[in-house]
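Here is a short briefing to read alongside the coordinates. Take a look at the model first, and then we can walk through its helix packing, its ligand and a few backbone details.

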Amino acid sequence: MPESQYSFDNPVDRYPHIHPPEELVSEPGRDSELDPPADHGEGSYRGSARLAGRKALVTGGDSGIGAAAAIAFAREGADVAIVYLPQEEADAAAIADQIRSAGRKAVTIPGDLGERSFIDDLVSKALDGLGGIDILVNNAGKQIFCPNLADLPDDQFDQTMKTNVYAMFWLTKAVLPHLGPGATIINTTSVQAYLPGEVLVDYATTKAAINAFTKALAQQLAPKGIRVNAVAPGPIWTPLQPSAGQPPEKIPDFGSQTALGRAGQPAELAPAFVFLASPESSYVVGATLAVTGGMPTP
Ligand code: NAD
Ligand code: MG
């Protein structure tokens, strides 16, 4: 593992080539149960005041990619509110500790983003706790594999759409009146938007929608000084995957199909989120930053 995100080494084996067991964990997966554990940069991310004084709201900030972004944001000087499901309280508490250890304010907001009624409540809790919002990260996501369309339950299709697409729309709309020039919105899409897997028809559809939403909204908000971008991760070792995100037999080789030949770690995503959140990316608008280990994107 690298000493910091700046360590100069070979990306092929910067992180271990993992072969996790086939076992299926219940949804939502917990970081605390992940075997092998994932790296969110707890021991390595070094901040340099790139987000000093900023206020960030990160959905799915309890675990995986969102947790890595939340830790990095805090170490870069931002106060951070994280949104997660009530069953994920233990993961959320660990990340809130990381945010506080960085000397920043942590606000924890449990609830179901698939429920329209939760959105206004969560926005007022975030505004109260942070004193404003100028970075919004729509990162929460649902991914359940299903090999046959005939077996894809209507309810699963609905919940995947609600979590991945509707929540992004609802939350962005609710936060927008509170965003000023310089604010940034970052949506987590996926390589699945471009290389949709046969067992992820519903999920891949949402990720393509997130890309289109990002690009359209980016043009609408750029004249107001609000930048909207996306990050497209490749196969990253997070609780989403062993909790029915993939068929269990695919888990031992998860990520080995990439050019780097290994799964990515959440910590490897954090610099992309920091870059898009920070003013150093001032001319980057409507972009999707691919962090895929070499899986091709357009
Ligand atoms: P993760 O399980 O750690 O994070 C997803 C989070 O979404 C959960 O922690 C949970 O808090 C939140 N969530 C799900 N449903 C919710 C709901 N109804 N209400 C509130 N919160 C809810 O997994 P991750 O891989 O870090 O996922 C983060 C994002 O990255 C997702 O959008 C996912 O689609 C995307 N992504 C992941 C990968 C990968 O390989 N892990 C690849 C591409 C894209
Ligand atoms: Mg989680």
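A crossing is called left-handed if the near helix is turned anticlockwise from the far one by less than a right angle, and right-handed if clockwise. By that convention, H1 and H7 cross in a right-handed way, and H1 also passes H2 in a right-handed crossing. Please keep in mind that this is a predicted model, where local features need pLDDT of at least 70, side-chain atom pairs count only at pLDDT 80 or more, and totals for chains, interfaces and linings use all residues. Residues are numbered from 1 along each chain as its sequence is written, ligands are numbered from 1 in the order in which they are written, and side-chain values use heavy atoms, without hydrogens and water.

**H1 with H2**
- Helices and strands are DSSP runs numbered from the N terminus (helices: H or I, at least four residues; strands: E, at least two).
- Helix H1 (residues 64-75) packs against helix H2 (residues 89-101) at an angle of about 15°, their axes being 8 Å apart.
- H1 is therefore roughly parallel to H2 (angles under 35 degrees count as roughly parallel, over 145 as roughly antiparallel, 65 to 115 as roughly perpendicular and the rest as oblique).
- In contact (heavy atoms within 4.5 Å) are Ala67, Ala70, Ile71, Ala74 and Arg75 of H1 with Ile95, Gln98 and Ile99 of H2.
- By class, this contact of H1 with H2 has six nonpolar, one polar and one charged residues.

**H1 with H7**
- The axes of H1 and helix H7 (residues 270-277) come within 8 Å and cross at roughly 55°.
- The two helices, H1 and H7, are therefore oblique to each other.
- On the H1 side, Ile65, Ala68, Ala69, Ala72 and Phe73 meet Ala270, Phe273, Val274 and Ala277 of H7.
- The contact of H1 with H7 has nine nonpolar, no polar and no charged residues.

**Ligand 1**
- Ligand 1 is surrounded by 30 residues (a heavy atom within 4 Å), and the closest are Asp62, Ser63, Glu88, Tyr203 and Thr238.
- A backbone N or O atom of Leu113 is 2.8 Å from a nitrogen atom of ligand 1.
- Oxygen atoms of ligand 1 are also approached by the backbone: a backbone N or O atom of Gly234 lies 3.2 Å from one, and a polar backbone atom of Ile236 is 2.8 Å from one.

**Before strand S1 (55-59)**
- The peptide bond from Glu27 to Pro28 is cis, with omega near 0°, and Pro28 lies in the segment before S1.
- The bond from Asp35 to Pro36 is cis, with omega near 0°; Pro36 is in the segment before S1.
- Ala49, found in the segment before S1, has a positive phi of about 60° although it is not a glycine.

How values were computed. Axes fitted to C-alpha atoms, helices over the stretch in contact; angles between N-to-C directions. Nonpolar A, V, L, I, M, F, W, Y, C, P; charged D, E, K, R; others polar. Polar contact = N/O pair within 3.5 Å; in protein donor to acceptor, adjacent residues only side chain to side chain.
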